[in-house]
Amino acid sequence: MEERYQTAAKQDIQQVLQTSSATLKFLISHNAAAFQEMFEILIRLAENYTSTLFCNAYRNMAAEATVPVQEFFTDVGLFLFGTDVSTEEFVNRFFDTLFPVVYNHVLNPGPTDISLEYGECLRVARRDIRPFGNIPEKAIGRMGRALLPSRTFLQALNLGIEVINTTDHLHFSKDCSRALLRMQYCPHCQGLTLSKPCMGYCLNIIRGCLADVAEVDLHWRGYIQSLEELSRAMSGAYNIEHVLLNFHSLVNDALVQARINGPELSEQVHKMCGPPVRKPKEFPGCSFDQNKDNQVLKMFSRDSEETLTNRRKEFISHLRLYRAFYGGLADQLCGNELAAADGLPCWNGEDVVRSYTHRVVGSGIKAQSANPEVKVKGTDPVISQIIDKLKHVIQLLQGKSFPKYDKWDLQQTGSGGGVDEQISGDCDDEDGCGGSGSGEFKRVLKITDWMPDKTNLSDVKQIHQTNDGSTLDTTGAGCTAMADYMTFMLISLVIPFLSLW
């Protein structure tokens with residue numbers, strides 16, 4: 001009977017623990033799922049914008065560019081959701097794969113396509129020839145700065161869930177189990193089934209049983225503070241919305257750069273790979289279906305006013321209320337669930353009395369040496385492990401484990417055009433952030449800004465502009481943008497010759 005009561009006492013405490021943390025656990029897990037879903041939609045939209053750029057402005061190479069674009073954004077998702085891939089590697093791989101397509105259709109177009117072997121030579125030579133100027137390096141810098149904090153943010157949320165799951169399923173020591181039995185079920189032997197333990201008595205036992213959990217408190221506070229600091233940084237210089245949804249603008253800049261330097265690039269290619277080796281030409285059309293993601297885009301309502309920035313801000317404001325959760329857990333359990341109210345007769349472990357007369361110890365392992373109710377021996381290795389994980393994720397959140405990017409709040413210097421473009425972290429949450437490159441929009445994009453009634457990308461064609469200032473048409477209604485673009489390029493090439501003449 002005593003063993004059964006002891007088991008019941010431990011189960012009761014575990015149930016109370018899980019109930020007390022349920023709201024916190026739901027807050028973190030619900031937001032982790034929501035942020036992941038929003039990131040997935042951002043990636044799909046960014047891929048759509050990039051594919052639309054090719055279909056509308058570079059239609060002749062759109063079909064061949066499909067695979068590089070798809071692979072690039074697949075890599076973005078893999079990195080963002082925790083896979084061990086390098087941003088530098090997949091950005092370089094994208095531009096490596098794109099170069100043979102650009103050479104075949106822009107730099108040296110002909111009645112036939114270049115051979116696979118010649119295309120492979122171009123792919124390998126891209127980093128030496130540098131046909132896209134410093135655009136790949138700029139893309140590497142932007143992607144690294146935007147994706148790494150978001151990836152770390154998601155990892156931290158998942159660790160928060162793991163911490164709560166760990167403390168919800170504690171392994172209680174024998175001394176703790178006996179103390180819990182004495183506190184909750186020994187009164188039954190005297191027929192006192194309705195009596196509750198005295199507050200001081202309850203605190204001594206629960207603080208003794210949760211001594212290891214109380215050690216989590218300091219690191220939990222640091223975890224929430226670091227999450228808050230990273231969230232603020234992500235609203236400024238590390239805005240993932242801005243970087244992903246403007247990637248197509250960088251691609252456009254790269255293609256313009258290659259076209260302008262076409263004769264010089266052709267000469268370099270001839271030196272490294274020889275004259276073009278060609279094969280019969282294929283004429284595939286633009287296979288990109290702009291309506292394929294309608295179902296995905298419907299996940300967000302047009303009436304929704306949330307953005308990633310506002311969602312993070314709201315989440316952190318709620319999470320901040322739980323900073324002292326582990327430090328005050330014993331008090332919360334006794335005050336809300338277990339102990340008798342002040343002034344009422346209560347159980348002190350031996351009898352029903354008016355008040356508990358023994359000393360009440362504080363929280364944490366060191367304070368338990370004077371605990372009159374529970375003997376605490378050593379540290380629970382499971383709790384020690386979770387504390388080590390919290391320490392590690394705090395370092396990640398603060399950017400200390402990434403020497404390449406230093407602290408998240410670093411300020412880049414420079415006047416634009418290179419990797420060290422000037423990006424200010426002093427963005428207001430409402431105003432958003434903008435970049436200094438051409439063709440980029442200047443504020444944080446709200447979900448509702450690109451969520452039309454029928455989730456048709458044709459409704460968002462006013463959002464982005466190409467380098468010539470014309471609208472990037474996302475309707476797929478034809479290739480009129482190509483004609484405008486060609487006119488712009490002819491003008492840009494003729495003007496320097498006229499000035500020299």
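Q: Which helix gives the most residues to the lining of the second largest pocket?
A: This is a predicted model, in which local features need pLDDT of at least 70, side-chain atom pairs count only at pLDDT 80 or more, and totals for linings use all residues. Residues are numbered from 1 along each chain, and side-chain values use heavy atoms, without hydrogens and water. Helices are DSSP runs (H or I, at least four residues) numbered from the N terminus. With 3 residues, the helix that gives the most to this lining is H6.

Q: Which residues lie nearest the centre of the second largest pocket?
A: A pocket is an open set of points on a 1 Å grid, where a 1.4 Å probe fits, with protein on both sides within 12 Å along at least five of seven lines; lining residues have an atom within 4 Å of a point. Here 20 residues line the pocket, and those nearest its centre are His171, Phe172, Ser173, Asp212 and Lys377.

Q: How many residues apart in sequence are the parts that phenylalanine 95 and phenylalanine 132 tie together?
A: Phenylalanine 95 and phenylalanine 132 form a tilted pair, 5.5 Å centre to centre with 50° between the planes. Rings pair if their centres lie within 6.5 Å; planes under 30 degrees apart count as stacked, over 60 as edge-to-face and the rest as tilted. Both residues are buried (under 20% relative accessible area, 1.4 Å probe, protein chains only). Phenylalanine 95 lies in helix H3 and phenylalanine 132 in the loop between helix H4 and helix H5, so the separation in sequence is 37 residues.

Notes: Helices (H or I, at least four residues) and strands (E, at least two) are DSSP runs, numbered from the N terminus. Rings of Phe, Tyr and Trp (its six-membered ring) pair if their centres lie within 6.5 Å; planes under 30 degrees apart count as stacked, over 60 as edge-to-face and the rest as tilted. Buried means under 20% relative accessible area, exposed over 50%, partly exposed in between (1.4 Å probe, protein chains only).
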